[in-house]
Amino acid sequence: MTYTIIHTIHIFSVFIYGGFLFVDILFLSKMKQTLSEEEHKVAREAIMIHVRKVVPYALMVAVASGIYMFLNVFGKISEDGMSYFQITLSIKAFLGLWLGFRGVNQKLFGINPWIFKRHTFPFLLVIIIIFLSQAMYLS
């Protein structure tokens, strides 16, 4: 029962974080095409004020719940090595931890990323993580 609750929390928190990245990359970044530079700056900041209050914490919850789930489902490594599921889950966990590390540094310590300053790279990682989450169960 505990796992199911944490899994549900994980899904909602990932939905919030990934949903913001989708909206930012696919829509907010396109506002420059129809708004002046000043209008775009004002409109984006009006949205980002609210985003900064929720999205970073959703990412932290996603990472924390993901760690819990990883520890519960990874299983024992056989003498033959890791299974396809374990390898895929490990890659997915590494990417999620990278996103979490980046988010914690920004929100809690005020350390902005040195590279990948836009949301395009995290967006791509979320897409990869989504595909990996489905591919884990293929074999």
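These legends accompany several close-up views of a predicted model. Local features need pLDDT of at least 70 and side-chain atom pairs count only at pLDDT 80 or more, while totals for chains, interfaces and linings use all residues. Residues are numbered from 1 along each chain as its sequence is written, and side-chain values use heavy atoms, with hydrogens and water left out.

**View A. Helix 3 and its surroundings.** Helix 3 spans residues 84-109; helices here are DSSP runs (H or I, at least four residues), numbered from the N terminus. From first C-alpha to last, its 26 residues reach 36 Å, close to the 38 Å expected at 1.5 Å a residue (that is, 1.5 Å times one less than the number of residues). Buried positions in helix 3 include F85, L89, L95, L99 and R102, where buried means under 20% relative accessible area with a 1.4 Å probe, protein chains only. Their cover includes helix 1 (2-26), helix 2 (37-73) and helix 4 (120-135). Just after helix 3, look for G110, with a positive phi of about 65°.

**View B. Helix 3 against helix 4.** The two axes, lines fitted to C-alpha atoms over the stretch in contact, come within 10 Å and cross at roughly 155°. Helix 3 is therefore roughly antiparallel to helix 4, a label for angles over 145 degrees between N-to-C directions, on a scale from 0 to 180. Contact (heavy atoms within 4.5 Å) involves, among others, Y84, I91, W98 and R102 of helix 3 and F121, L125, I129 and A135 of helix 4. By class, this contact has 13 nonpolar, three polar and two charged residues; Ala, Val, Leu, Ile, Met, Phe, Trp, Tyr, Cys and Pro count as nonpolar, Asp, Glu, Lys and Arg as charged, and the others, Gly among them, as polar.

**View C. Helix 1 against helix 4.** Here the axes are 10 Å apart and the helices pack at an angle of about 130°. Y17, G18, L21, F22 and I25 of helix 1 meet T120, P122, F123, V126, I127 and I130 of helix 4. This contact has nine nonpolar, two polar and no charged residues.

**View D. S13 in helix 1.** S13 sits in helix 1 and is buried, at 5% relative accessible area. Leaving aside neighbours within four places in sequence, S13 contacts A58, V61, A62 and S65.

**View E. R44 in helix 2.** R44 belongs to helix 2. Not counting residues up to four places away in sequence, R44 touches D24, L28, M31 and H119.

Key: Helix = DSSP H or I, 4+ residues; strand = E, 2+ residues; numbered from the N terminus. Buried < 20%, exposed > 50% of the residue type's maximum accessible area, 1.4 Å probe, protein only. Parallel < 35°, antiparallel > 145°, perpendicular 65-115°, else oblique.
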